[in-house]
Amino acid sequence: MREIISGIFLLAFLVGCGDSYTIKSIIKDKLNDPDSAKFKELVVSRNGEIACISWNAKNQAGGYGEWKYTLFSKGNDSSWEIREDEEVNSD
């Protein structure tokens, strides 16, 4: 029984990791310097259909600006799509 429960938690963790990697990749793909991307947190809704991530990256002048929060939703084909991309002060 312990192995079954451990397997379920491992599977849930791996699914979450896939979503995290995919969402971070979408953010990095739109940046001038993808290697400079920093991520604070990723929150996924209970049903796994909506996610929000906070991130920051170097601007064209080479410095970090304000933290941004991007809202994602799952499309009809279950792929993540940017729903709203808003720059918000992290203070």
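**Close-up views of a predicted model**

**View 1. The largest pocket.** The largest pocket has a volume of about 220 Å³. Here a pocket is an open set of points on a 1 Å grid over the protein atoms alone, with protein on both sides within 12 Å along at least five of seven lines, and lining residues have an atom within 4 Å of a point. Volume is the space filled by probe spheres set on the points. There are 15 lining residues, and Trp55, Ala57, Lys58, Asn59 and Lys68 are the closest to the pocket's centre. Strand 2 (50–56) and strand 4 (80–87) each give the lining at least two residues; strands are DSSP runs (E, at least two residues), and helices are runs of H or I with at least four.

This is a predicted model, where local features need pLDDT of at least 70 and side-chain atom pairs pLDDT 80 or more, while totals for chains, interfaces and linings use all residues. Residues are numbered from 1 along each chain, and side-chain values use heavy atoms, without hydrogens or water.

**View 2. Asp19 and its neighbours.** Look for Asp19 in helix 1 (residues 2–29). Asp19 touches Lys74 and Trp80, leaving aside residues up to four places away in sequence; contact means heavy atoms within 4.5 Å. The side chains of Asp19 and Trp80 are joined by a polar contact of 3.1 Å.

**View 3. Ile82 in strand 4.** Ile82 sits in strand 4. Leaving aside residues up to four places away in sequence, Ile82 touches Ile26, Lys30, Thr70, Leu71 and Phe72.

Methods
Polar contact = N/O pair within 3.5 Å; in protein donor to acceptor, adjacent residues only side chain to side chain. 1 Å grid on protein atoms, 1.4 Å probe; cavity = no way out; pocket = protein on both sides within 12 Å on 5 of 7 lines; lining within 4 Å.
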